[in-house]
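I opened this notebook to record what I looked up in one structure.

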Amino acid sequence: MAKKNGNAAEEPLEKQLWKTADKLRKNIDAAEYKHIALGLIFLKYISDAFEELYTRLKAEETSGADPEDIDEYKAENVFFVPKEARWDFLKSQAKQPTIGKTVDAAMDAIEKENNSLKGVLPKVFARQNLDPTSLGELIDLIGNIALGDAKARSADVLGHVFEYFLGEFALAEGKKGGQFYTPRSVVELLVEMLEPYKGRVFDPCCGSGGMFVQSEKFVTGHQGRVNDISIYGQESNQTTWRLCKMNLAIRGIDSSQVKWNNEGSFLNDAHKDLKADYIIANPPFNVSDWGGDLLRKDGRW
């Protein structure tokens, strides 16, 4: 028995977090709940990164630094987080019955200050079917993820948790989960086969961005330079595109060329002039109505 308890204590953080967070899910299905959990994980990440730079700028105020100047954060590629959206403030409000409205307002405030996040963050926290007490408990839970680590470590931990949650939500949603998530083993195999060391990497149906994350991991793992590859993609499902943008932001990957294209890549290529060095994709093979009849006279076919 003692041995079992020891193993339980060594259970990875992401599994502990999933088990605890999953208990908080009552009358919300996985398709809705993933935006709540992943949205909070993303908010925690950008708040951690902001707070680390804020502390540094605060210490340099006598030298002319301004910790409330948004340009200071743009220069360091750090998202600016307004006071009403910082994690410490949200945690202080976690036990209030209006916490859902507070989180939605925080997401709005962050989008207003960061153009690259406009239309990306979920505002689903004030829904009637989300119990504010459970939401407050989830905020407390996620607040323990990074445990005050520096930005690089925090990004790695939160990125890993984000990726793990994506996989668990895909399992919970069953067949539909394949629309936004490709199993990690498949992604790793495709990337190892293509070996995208440098150049333009294109995924025409990018889902939540797993191919891009793994491509960057491949380059880093083979002592290459991450800046040697650039990312291009498109996704027809807007909610999945939002997950992709958050997933890449947590990893520090530039997602400016990842487009939401509601017609899909077959009917409307969002990167018509792109000459890609690598095209890497797991097509949505479980979608039968993909518009094939409209392409019978298309020269590409």
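The entries below go from the conventions to the sheet, a helix, the cavities and single residues.

**Entry 1. Conventions.** I worked on a predicted model, in which local features need pLDDT of at least 70 and side-chain atom pairs count only at pLDDT 80 or more, while totals for chains, interfaces and linings use all residues. I number residues from 1 along each chain as its sequence is written, and side-chain values use heavy atoms, with hydrogens and water left out.

**Entry 2. The chain as a whole.** I found 11 helices and four strands in the chain. Here helices (H or I, at least four residues) and strands (E, at least two) are DSSP runs, numbered from the N terminus. Of the 301 residues, 45% are buried. I call a residue buried under 20% relative accessible area, exposed over 50%, and partly exposed in between, with a 1.4 Å probe and protein chains only. I then looked up contacts, meaning heavy atoms within 4.5 Å. Among those between residues at least 6 apart in sequence, 72% join residues at least 24 apart.

**Entry 3. The sheet.** In what order do the strands of the open sheet run? I read the order as β3-β2-β1-β4, with parallel pairing. Two strands are taken to pair if DSSP finds at least two bridges between them. The edge strands, β3 (258–260) and β4 (278–279), each pair on one side only. Strand β2 (residues 229–235) is joined to β3 by three bridges in the parallel sense, and in β3 the residue opposite Q234 is K259. Helix α11 (residues 238–250) packs on this sheet and touches both β2 and β3. The direction of α11 makes about 160° with that of β3; axes are lines fitted to C-alpha atoms, for helices over the stretch in contact, and angles run from 0 to 180 degrees between N-to-C directions.

**Entry 4. Two residues beside the sheet strands.** I looked up S230, which lies in strand β2. S230 counts as partly exposed because its relative accessibility is 28%. Beyond its neighbours within four places in sequence, S230 is in contact with G199, R200 and V201. S230 and G199 are 31 residues apart in sequence, yet their C-alpha atoms are 6.3 Å apart in space.

Is S255 buried or exposed? S255 is buried, because its relative accessible area is 11%. This residue is found in the loop between α11 and β3. Once neighbours within four places in sequence are set aside, S255 is in contact with K245 and L248.

**Entry 5. Helix α7.** Which residues of α7 (residues 132–142) are buried? I list S134, L135, G136, L138, I139, L141 and I142. The cover over the buried residues of α7 includes α2 (13–23), α3 (30–59), α5 and α6 (99–113).

**Entry 6. Cavities.** Rolling a probe the size of a water molecule over the atoms shows where empty space is left. On a 1 Å grid over the protein atoms alone, a cavity is a set of points where a 1.4 Å probe fits but cannot get out, and lining residues have an atom within 4 Å of a point. Grid points are joined across faces, edges and corners, and a volume is the space filled by probe spheres set on the points. How many cavities of 30 Å³ or more are there by this rule? I count two.

The largest cavity holds about 50 Å³ of space. Its lining consists of L24, R25, K26, I28, Y33, I36, L130, S134, L135 and L138. Both α3 and α7 supply at least two residues of that lining, and α7 gives the largest share, three residues. I sorted the lining of the largest cavity into seven nonpolar, one polar and two charged residues. For this, Ala, Val, Leu, Ile, Met, Phe, Trp, Tyr, Cys and Pro count as nonpolar, Asp, Glu, Lys and Arg as charged, and the others, Gly among them, as polar.

The second largest cavity has a volume of about 30 Å³. L24, K26, N27, I28, N129, L130, D131 and S134 line the second largest cavity. That lining divides into three nonpolar, three polar and two charged residues.

**Entry 7. Positive phi.** Most residues other than glycine have a negative phi. I noted N77, not a glycine, with a positive phi of about 55°. N77 sits in the loop between α4 (70–74) and α5 (87–92), and N77 is exposed, with a relative accessible area of 71%. I also noted E195, whose phi is positive, near 50°. E195 is found in the loop between α9 (184–194) and β1 (199–203). With a relative accessible area of 37%, E195 is partly exposed.

Methods: 1 Å grid on protein atoms, 1.4 Å probe; cavity = no way out; pocket = protein on both sides within 12 Å on 5 of 7 lines; lining within 4 Å.
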